[in-house]
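Subject: Structure handover

Hi,

Here is the structure we talked about. Please open it alongside this note, and my findings follow below.

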Amino acid sequence: MKDPLRPEAKAAVQACHDAGIQTVMITGDHKDTAVAIAEELRGVKEPIQSFSGMELDRLSDDELARTVDGVAVYARVSRSTSYVSSKPGRRGGAIVAMTGDGVNDAPAVKAADIGVAMGLTGTDVTKEAADMVVDGR
């Protein structure tokens, strides 16, 4: 079970990929659900490298740094702030942007180089933590 994708989501992810932006999903959702969403967004059934929060917790920082470039989905992650602000997340001088709408997203949105809150559905806490609020109207 999953919430349906917004109609504009697939085009937005494709535009990011076309611009050379690596998209990564960090979610509290179940790993299978998150991978299914990522497959739907990409429009093709291809292997998607993913980690669950438990799998991540077993990796050292060095192991994570060696694998982070190929990972598209982090699921059942409770500490997205630590990923966003970590060296693996910014390896090679990458700029990290984080989107979110819930109170639980606020710390990661704040820790990112560019924090983006969802304006219509977002909480005030996340909007205040963000650098940018996307209204969507």
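A residue counts as buried under 20% relative accessible area, as exposed over 50%, and as partly exposed in between. Glu55 has a relative accessible area of 26%, so Glu55 is partly exposed. Lys31 is at 21% relative accessibility, so Lys31 is partly exposed as well. Keep in mind that this is a predicted model.

Salt bridge

Why start with those two residues? Glu55 and Lys31 form a salt bridge. Their closest N and O atoms are 3.0 Å apart. The structure holds one salt bridge. Glu55 sits in helix H3 (residues 53-57) and Lys31 in helix H2 (residues 31-42). The two are 24 residues apart, and the pair links distant parts of the chain.

Helices H1 and H2

H2 also meets helix H1 (residues 9-18). Their axes come within 8 Å and cross at roughly 75 degrees. Angles of 65 to 115 degrees count as roughly perpendicular, so H1 and H2 are roughly perpendicular to each other. On the H1 side, the contact is made by Ala9, Lys10, Val13 and His17. On the H2 side, Glu40, Leu41 and Arg42 make the contact.

The sheet with S1, S2 and S3

Three strands form an open sheet here, in the order S1-S3-S2, with parallel pairing. Strand S1 (25-26) and strand S2 (49-52) are the edge strands. Each of them pairs on one side only. S2 and strand S3 (residues 71-75) run parallel and are joined by four bridges. To find this pairing in the viewer, look for Ser50, whose bridge partner in S3 is Val73. H2 lies across S1, S2 and S3, and runs at about 145 degrees to S3.

Gly100 has Ala117 of S5 as its bridge partner. From S4, the chain crosses through helix H6 (residues 106-111) to S5, and this β-α-β crossover is right-handed.

What does S5 pair with next? S5 and strand S6 (residues 132-134) pair in the parallel sense, over three bridges. Ala117 turns up again: its bridge partner in S6 is Val133. S5, helix H7 (residues 124-129) and S6 make a right-handed β-α-β unit.

Best wishes

Methods
Residues are numbered from 1 along each chain as its sequence is written. This is a predicted model: local features need pLDDT of at least 70, side-chain atom pairs count only at pLDDT 80 or more; totals for chains, interfaces and linings use all residues. Side-chain values use heavy atoms; hydrogens and water are left out. Two strands pair if DSSP finds at least two bridges between them. A crossover is right-handed if, with the strands pointing away from the viewer, the path from the first strand over the helix to the second runs clockwise. A salt bridge is a side-chain nitrogen of Lys or Arg within 4 Å of a carboxyl oxygen of Asp or Glu. Buried means under 20% relative accessible area, exposed over 50%, partly exposed in between (1.4 Å probe, protein chains only). Axes are lines fitted to C-alpha atoms, for helices over the stretch in contact, and angles run from 0 to 180 degrees between N-to-C directions. Angles under 35 degrees count as roughly parallel, over 145 as roughly antiparallel, 65 to 115 as roughly perpendicular and the rest as oblique. Contact means heavy atoms within 4.5 Å.
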